[in-house]
Amino acid sequence: MFNKNEIEQQVAEFLLQIKAIKLQPDNPFTWASGWKSPIYCDNRVTLSYPAIRTYIRQKLSLVIQEEFGSVQCIAGVATAGIPQGALVAQELGLPFIYVRSKPKEHGTGSMIEGEIMPGKRVVVIEDLISTGKSSLQAVEALREAGCEVAGLAAIFSYGFDVAEDNFKKAKCRYVTLSNYNAMLKFAEEQQYINKDSVALLQKWRETPSEWGK
């Protein structure tokens, strides 16, 4: 068995340490969706740090084995889930495929790249879960191709209620190495942020689409 809390805290520490997670309550970011946010997470930064990259690869592989049992293929979600997924597939000695955000506009017009294996149990890899929309789009594409999606594993989740609802509606289990609450706890303990900033970050998470308007 793995120690879930230990992994959550360690991953949160790594992400804050290398600034894959940036906290700027006084100078909010603007997401692609237009949302204003006091936090920005870019887990692609982990790929530049071999020790952290290895830890994430090993823990994602462990969590997949513990949570989903026997798996026959790993699928990455384009684009940030591709390198993480390929690393996990290598660790587990499994085939790897990836799912585009939309079908290729030339050639075969494929949405899924790699050898599709209908009937095989697949785990999807993401770097980050916000609303879950892009992740579940990939899940649906794999199901339409005849794959049995065992579930999804990601590095970090913001823990939005909308994501929880979306995954439930899609009947797709998901697990993450770390999450917003674990990150806030570590950030406060290690004085990355003060108590006022913690309160603000908690408030943002309640209604992120309205925050800062």
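This is a predicted model: local features need pLDDT of at least 70, side-chain atom pairs count only at pLDDT 80 or more; totals for chains, interfaces and linings use all residues.
Residues are numbered from 1 along each chain as its sequence is written, and side-chain values rest on heavy atoms, with hydrogens and water left out.

The interior was examined through its nonpolar cores, a nonpolar core being a set of buried Ala, Val, Leu, Ile, Met, Phe, Trp, Tyr and Cys residues joined through side-chain atoms within 4.5 Å; buried denotes under 20% relative accessible area, exposed over 50%, and partly exposed the range in between, with a 1.4 Å probe and protein chains only. The largest nonpolar core holds 47 residues, of which Phe156, Tyr158 and Met183 touch the most other members. The most is given to this core by helix H2 (residues 50-68), which supplies seven residues; helices (H or I, at least four residues) and strands (E, at least two) are DSSP runs numbered from the N terminus. When neighbours within four places in sequence are set aside, Met183 has contacts (heavy atoms within 4.5 Å) with Ala12, Leu16, Ile21, Leu23, Ile39 and Phe156. A second, separate core comprises 23 residues, among them Ala75, Leu142, Ala154 and Ala163.

Strand S8 (residues 121-129) is largely enclosed by the rest of the structure, because eight of its nine residues are buried. Two strands are taken to pair if DSSP finds at least two bridges between them. On this basis, S8 pairs in the parallel sense with strand S5 (residues 73-77) over four bridges, and Val123 in S8 is the bridge partner of Ile74. Strand S9 (residues 148-157) also runs parallel to S8, to which eight bridges join it, and here Val123 has Gly151 as its bridge partner. From S8 the chain passes through helix H4 (residues 133-144) to S9 in a right-handed β-α-β crossover, the path from the first strand over the helix to the second running clockwise with the strands pointing away from the viewer.

An unreviewed UniProt entry lists as "binding site" the residues Arg100, Lys104, His106, Glu126, Asp127, Leu128, Ile129, Ser130, Thr131, Gly132, Lys133 and Ser134. From this set, residues including Arg100, Glu126, Asp127 and Lys133 belong to the lining of the largest pocket. A pocket is an open set of points, on a 1 Å grid over the protein atoms alone, where a 1.4 Å probe fits, with protein on both sides within 12 Å along at least five of seven lines, and lining residues have an atom within 4 Å of a point. Gly132, in the loop between S8 and H4, counts as buried at 3% relative accessibility. Beyond residues up to four places away in sequence, Gly132 touches Ala163 and Phe167.

The peptide bond from Ala78 to Thr79 is cis, with omega near 0°, and Thr79 lies in the loop between S5 and helix H3 (81-92). Lys171, which is not a glycine, has a positive phi of about 55°; this residue is found between helix H5 (161-169) and strand S10 (174-179) and is exposed, with a relative accessible area of 74%. Gln191 likewise has a positive phi, near 60°, in the loop between helix H6 (180-189) and helix H7 (195-206), and is exposed with a relative accessible area of 70%.

How values were computed: UniProt positions are given in the numbering used here, feature names are shortened, and annotations may be inferred rather than shown by experiment.
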